[in-house]
Each structure stands twice: as C-alpha cells, then as structure tokens.
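This report is written for a reader meeting the structure for the first time.

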Amino acid sequence: MVRTGNIGLVKKINKQIVLKLIREKNNISRAEIAKITGLNKATVSALVDELISEHFVSESGVGVSTGGRRPLMLRFNEAAGSLIGIELGVNYIYAVLTDLNAEIIWERMCHFRTDEKQETIIEKMIAMIHEAIHQAPTTPYGIMGIGIGVPGIVNTEEGIVVFAPNLHWDHVALASILQKQWPSYPIIIENEAKLAALGEKWFGAGKEFANFVYISAGIGIGAGIIIHNQLYRGVDGIAGEIGHHVIDIHGVRCSCGNNGCWEMYASEKYIQRRLEQENYHSMLEEFSVEKVRTLAERGDKQMAQILAEVGRYLGIGILHIIYSYNPEAVIVGSTIGKAGKWVLEPARDEVEKRILVKNGNGPFIIPSQLLEKSCAIGAVASVLEKVVMPSELEVIS
C-alpha cells in the first residue's frame, strides 16, 4: 500500500513492524522479514542494524541455507530493559518485575484490609515499586515504565481512577501521585480487566484470536474487549463494566448502588452468600474459591452445586457478551476462572441451551492461561505496547 507521509514517521512505523515481527518469530532472517513485510532488503537491513545498535535485537547464529549463503538469524533481546506491572486488587497489591518478554524476574504480594485508607494503600504500592526497582538487573534501558491495573473505571489519558466501587475510590489522580516519585518513567493506569485482556492477547490464551472478550470474575466482574487485535475502551473508558449489567431488577444490592448486578451472581460474592445460607460459616473465615473447588473435587455435592450455580449465572452473562460482540472466544480469568470445569462446563451448557443460533460455531469459552497473573502481565504489556512496539501497525512504503 503506497501512502505519502513524514519520512521520519514512516521509518519509525516500519522499524516497529520489523521489531514486532522479530519478537513474534524469535528466529528470523533479514530475507524472511523482507518477504513477509514487503519492504526491500536494503531497507530491512538498515532497520535491523539500527535495532541491533539500540540493543532491541541481536544476531542469534547462522540459519539453514536455501540456496545461497547461510543467513544470520535475528532474535528479540528481552534483556534490553525491565518492566514493572502492578495489580491493585480489592484487598491486595500484586507486583511483578519482568524482562521485555514478560518473564518474571521478581514478584511480591501484599494484602491490606478492605477498610484501609486510600493513602495507606498508595504508600504500600509506592514501597513495592521501590522494591521492584531495587531488584531490577542492569540493562541498557533500565526500567522502561510502570503499568498499573485497578478494579474500576479509569481515565487512562489522565491516569485518574474515576470510580472504583469495591475500593471506595472516587477521582483519584493515581498517575500524578506516582509521577512525583518517578518523573522520568512512563506510568500507565488502566482498568484491571482491560489489562488482563491485553496480557492474554500478548502472552496468554488470546494470542491466537483477533477478537475476544476476557472476563475477570473474582470479587467483582469486569471485562476486557479485544477487537481486531486492539483493546477497546469505549468513549468514556467504561466499555467492559459488564459486572454492573443488571440481570435481576429485584435482586441483591450491589456496591455500585444498583440491584441485581451480574457480579452479585457470578463472582465470589455469590459463593460467599450461598456458603452463609448453607451454614458453612467456618469456610468464610479464610475464604477462597480454590478451597470450594477442592471440596467439589473430593466429592462434596453441595460445593459442586454452588459452583454450578455460579457457572450458570456466568453463562447468562456470557450470552449477553456473545450477542453484543460476537467474539471468537470468551476467556474466563481471575479466581472464578481457576474453578475450571466446575463453573465453565455449566456456563457452556447455559450458553448452548439459550443461544439463538445453534450451529455449533459459537465462541470458545476457555480459561485464562495467565490465571492470577493476567492483570500484572497485562500491565507490563501496556508499557511494552506504548514504549517499544504498538500492537497493530501497517507497513508504509
């Protein structure tokens, strides 16, 4: 495709495309890059030389000859820098330090009380980021940025947590608070489910799909929507707030102020209510979905029944997602996703039973690959996408 444009911009975009291709293939020659991209060999060679001088690419050895000289193979240099990813949960902070391939170098989990003050939580986050920076290896670029996922509505451009009902946060300028500590680092604030979708797209179960919806089902429910390989945020950033889609107008009161929100029926909250109703009070003291799943696996019919109920409600919501986005796949993550077949099979059954078009070509409903690390890895991916290589590029000649 021939387009006119600023020469510097054209070169930058083409270089990013070449780098992205090298990262994805991880052993590719200059000639193969030219063939795939349509760029001429001289241009590819010049761009690769620049990427090598910038430490993002290295030559990994000699490849197999296809009739001429054996080609020098290229690989992405994941050790060019480090990235920090943070997930701020309802009662925890999870931090990772990774290389540029999202391989974890260091990680830390910190819990806090659900009634903890906002300032105290942010102080704990700052302390964990300081610790991550201290653990970072010496690399050409050092720390290349910090990505943070939060459970709520986010103004990503300004780095403001607009509303996080489960944290009771309202218009918190988180990016500017952190930028005072680290003015030279790119800092990205985004909704946790959106980042988890990005994590699955770059490094997990979403790699093979151009269009999918990731559902983060834990204490609450949110979604990240990938359309044509791009994260969809919507006009005001509220795309994906599906946990607050009402499925029963006379239902249980939600923390957002409405009644009958989906997340009151297909999340940990529902399991906890059911355990209380069935007088399993001891299980509520140190509650986890994994404990419930373990009991179901050991033959506890009541636990299996409760998980199946969650799965059916999950299926109802997934059906709405299918009608709205018609995705190739729905990826279920967070703690409910870790319950595996105990919730996914009832969810699939519910969708199959209720879907209008019964042609067997419905979307895959699959578990997350990154599990509890999805958001933090997605936070890393958001920095990688912004600083090193955008996810969707088109060669300009």
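Arg 30 counts as buried because its relative accessibility is 19%, where buried means under 20% relative accessible area, exposed over 50% and partly exposed in between (1.4 Å probe, protein chains only). The model is a predicted one, in which local features need pLDDT of at least 70 and side-chain atom pairs count only at pLDDT 80 or more, while totals for chains, interfaces and linings use all residues. Residues are numbered from 1 along each chain as its sequence is written, and side-chain values use heavy atoms, with hydrogens and water left out.

**Salt bridges**

Arg 30 forms a salt bridge with Asp 49; the term denotes a side-chain nitrogen of Lys or Arg within 4 Å of a carboxyl oxygen of Asp or Glu. Since Arg 30 belongs to helix H2 (residues 30-37) and Asp 49 to helix H3 (residues 41-53), the pair ties together parts that are 19 residues apart in sequence. Helices (H or I, at least four residues) and strands (E, at least two) are DSSP runs, numbered from the N terminus. Asp 49 is partly exposed, at a relative accessible area of 42%. By the rule above, the count comes to 21 salt bridges.

| Salt bridge | N to O distance |
|---|---|
| Arg 30 and Asp 49 | 3.7 Å |
| Asp 115 and Arg 113 | 2.9 Å |
| Arg 293 and Glu 297 | 3.6 Å |

Asp 115 counts as exposed, at 56% relative accessibility. Arg 293 and Glu 297 are four residues apart in helix H9, so about one helical turn separates them. Glu 297 is partly exposed, with a relative accessible area of 49%. Salt bridges with shared partners also join Lys 11, Lys 15, Glu 50 and Glu 54 into one network.

**The sheet and its helices**

Five strands form an open sheet in the order E6-E5-E4-E7-E11, with mixed pairing; two strands pair if DSSP finds at least two bridges between them. Its edge strands, each pairing on one side only, are E6 (104-111) and E11 (187-191). On average, neighbouring strands are turned by 15° against each other, direction ignored. Strand E4 (residues 82-88) and strand E7 (residues 143-150) run parallel and are joined by five bridges. Within this pair, Ile 86 stands opposite Ile 148 in E7.

Helix H5 (residues 174-181) packs on the sheet, touching E7 and E11, and its direction makes about 155° with that of E11. Here contact means heavy atoms within 4.5 Å, and axes are lines fitted to C-alpha atoms, for helices over the stretch in contact, with angles running from 0 to 180 degrees between N-to-C directions. Helix H13 (residues 374-387) also packs on the sheet, touching E4, strand E5 (92-98), E6, E7 and E11. The direction of H13 makes about 135° with that of E4.

**Nonpolar cores**

The largest nonpolar core has 49 residues; such a core is a set of buried Ala, Val, Leu, Ile, Met, Phe, Trp, Tyr and Cys residues joined through side-chain atoms within 4.5 Å. H13 supplies the largest share of this core, eight residues. Leu 19 is among the residues with the most contacts inside the core. Leaving aside residues up to four places away in sequence, Leu 19 touches Leu 51, Phe 56, Val 57, Phe 76, Val 388 and Met 389. A second, separate core of 42 residues includes Trp 262, Ile 321, Ile 322 and Val 343.

**Helix H7**

In helix H7 (residues 268-277), the buried residues are Glu 268, Lys 269, Tyr 270, Ile 271, Arg 274 and Leu 275. Just after H7, Asn 279 adopts a positive phi of about 65°.
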